[in-house]
Amino acid sequence: MINILIPFSEFGNYILFSILAGHVALQFVPEENKPKISIPKPILLLSTLGIIFFTLGPIVQVIFFFKEGVGLQQAILSAFTEFQVGKAWTFIGFMATLLWMTIYVQGSKYLQAFLLFLMFLGVGYASHSASLSFWSGLFSHTTHFLIVSLWTGILIHVSWFARNQSNWLKFLRWFTPFALVCIVIVLISGFIIMFSFVEPNNYMKSWVLPYGQMLLLKHISIIPVVAFAFVNGFLVKKTMKLSSFNPRPWLIGESILLMIVFYFTGVLGTLMPPHEIDLTVSSEGASPWVEWLLNKDVIAPLHIQFIPSFQTILLIIISFVFLTMIIFSFKKQNPI
């Protein structure tokens, strides 16, 4: 049960951070350069409180891991006082409380931005990357999480909470290059984080383990996000110049796809990165799902490579057809 709940807590954390990041970021955008956005204050307040609750997920995981060996009371005490996730939760909880108070009284946007940035630092401090190499891991994970939250958060606000279609073109003029920069930074920081756990030559070999499979799913899920970013960044602007086209459904689609990426990331954060893949396969075995798919046992040492076949070529063609259908459905103005 705990292995099912933890990914959902991580997923909820990503969504709530994105909502707050989008709210804070859009306060710095002039009114004439964005649609009229009206998000209820209770959503913002509940988001700050929800982060305190959802950030407990990794701590619960640590407690359940050690409680059989040292007892529940000692496991709880150690999780909060000795582990980075526990120290980070205390820090994030304190900053979230201050942010809640600032939002409640409609305080300075600069103070909101500063407190939220400290909360992002807390998440980076508790990450796997920081546990391996503190400063580089802290910087790369914080940057990765902050940028993707800004991108997703702004999308959530303008797609789900916009009250009209005014200023859409002005919004897209600055958001399109902003999103492109976000994609570049997210990809660079993401590869830095990935290579700290899985060496490039072991990337395909990691697919026989749950961590590598979820990493692959995350990477695949980014492809349609980029396709929607192309639609919303370039095609929407051209269409809106010709008609009263409503871009919100397409922005909603992009935000939903980003949420799917968030879920894969949440599951990924609960899995142990394989530093020695062959050793892990020898001691723990490969993923049952892979062995079922291949219809044979996976035995170390592994030798994995791409081999073209009719099935692989056919699946690649089908994938490109579906990507093309995204563009085609936009031309037909059929978001569903």
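**Figure 1. Three helices, α9 (168-197), α10 (210-240) and α11 (248-268), each put at least two residues into the lining of the largest cavity.** This is a predicted model. The biggest contributor to that lining is α9, which brings six residues. A search of the whole structure turns up one cavity of 30 Å³ or more.

**Figure 2. A closer look at the largest cavity, with a volume of about 90 Å³.** Here's who lines the largest cavity: L172, F175, T176, A179, L180, I183, A229, N232, G233, F234, L251 and E254. Sorted by class, that lining comes out as eight nonpolar, three polar and one charged residues. As for how such a space gets found, rolling a probe the size of a water molecule over the atoms shows where empty space is left.

**Figure 3. Helix α11, one of the helices behind the cavity lining.** Do the bookkeeping at 1.5 Å a residue and the 21 residues of α11 should span 30 Å; the end C-alpha atoms of α11 sit 30 Å apart, so the two agree. Of those 21 residues, 16 are buried, so α11 is largely enclosed by the rest of the structure.

**Figure 4. K34 and E31 pair up through their side chains in a salt bridge.** The N to O distance is 3.6 Å, and the count for the model comes to one salt bridge. E31, at 53% relative accessibility, counts as exposed.

Terms used: Residues are numbered from 1 along each chain as its sequence is written. This is a predicted model: local features need pLDDT of at least 70, side-chain atom pairs count only at pLDDT 80 or more; totals for chains, interfaces and linings use all residues. Side-chain values use heavy atoms; hydrogens and water are left out. On a 1 Å grid over the protein atoms alone, a cavity is a set of points where a 1.4 Å probe fits but cannot get out, and a pocket is an open set with protein on both sides within 12 Å along at least five of seven lines; lining residues have an atom within 4 Å of a point. Grid points are joined across faces, edges and corners, and a volume is the space filled by probe spheres set on the points. Helices (H or I, at least four residues) and strands (E, at least two) are DSSP runs, numbered from the N terminus. Ala, Val, Leu, Ile, Met, Phe, Trp, Tyr, Cys and Pro count as nonpolar, Asp, Glu, Lys and Arg as charged, and the others, Gly among them, as polar. The expected span of a helix is 1.5 Å times one less than its number of residues. Buried means under 20% relative accessible area, exposed over 50%, partly exposed in between (1.4 Å probe, protein chains only). A salt bridge is a side-chain nitrogen of Lys or Arg within 4 Å of a carboxyl oxygen of Asp or Glu.
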